[in-house]
Amino acid sequence: MYEIETRTYETKNFFAGDFPTLTETGTAGEALAERMPVTKDTDGNIVAVTTETAEEVVGITAAETGAGDPVVYYITGEYFEEGLNLPKDVTVDILKDPLRKLSIFLRTLG
């Protein structure tokens, strides 16, 4: 007979407030996940931040993209920190102050 398929969808609320959201575009220097903090490499390409480059963060990606592809990233806004896709060894604590300088504010869900 027929079987009923059930699916679940868990929403991720990334936007945390009404602070104006602005974007910028660039070229991805590597594959990037959605909602990942990024910086520019020496060639001007957009790459994931590291613990060493956290102070040079330029924004947060709006969508997943591949190396060499166009990338859109947020340069202002208010977001939930739980929604970030953080690169390995990067923590919210080291990003909060550099992001605040760009008018990107991180909030907690709680």
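**Close-ups of a predicted model**

**View 1. Strand S7 and the largest cavity.** With 4 residues, S7 gives the most to the lining of the largest cavity. Keep in mind that this is a predicted model. Helix H1 joins in as well: H1 and S7 each supply at least two residues of that lining. The lining residues are Lys 96, Arg 100, Ile 104, Phe 105, Leu 106 and Arg 107. Sort them by class and you get 3 nonpolar, no polar and 3 charged residues. The space inside comes to about 40 Å³, and a search of the whole structure turns up 1 cavity of 30 Å³ or more.

View 2. Glu 78 counts as buried because its relative accessibility is 16%, under the 20% cut-off. Its side chain makes a polar contact of 2.9 Å with the side chain of Arg 107. Leaving aside residues up to four places away in sequence, Glu 78 also touches others, including Phe 14, Gly 17, Asp 18 and Phe 105.

**View 3. The largest nonpolar core.** This core has 15 residues, and those with the most contacts inside it are Phe 14, Ile 60, Tyr 79, Leu 84, Leu 95, Leu 99 and Leu 106. Helix H1 (92-101) and strand S7 (104-107) each supply at least two of its residues, with H1 giving the most, 3 residues. Zoom in on Leu 95 and you'll find it touching Pro 37, Val 49, Ala 54, Leu 86 and Val 90, not counting residues up to four places away in sequence.

Notes:
Residues numbered from 1 in each chain as written. Predicted model: local features only at pLDDT ≥ 70, side-chain atom pairs only at ≥ 80, totals over all residues. Heavy atoms only, no water. Buried < 20%, exposed > 50% of the residue type's maximum accessible area, 1.4 Å probe, protein only. Polar contact = N/O pair within 3.5 Å; in protein donor to acceptor, adjacent residues only side chain to side chain. Contact = heavy atoms within 4.5 Å. Core = buried A, V, L, I, M, F, W, Y, C linked by side-chain atoms within 4.5 Å. 1 Å grid on protein atoms, 1.4 Å probe; cavity = no way out; pocket = protein on both sides within 12 Å on 5 of 7 lines; lining within 4 Å. Points joined across faces, edges and corners; volume = space filled by probe spheres on them. Nonpolar A, V, L, I, M, F, W, Y, C, P; charged D, E, K, R; others polar.
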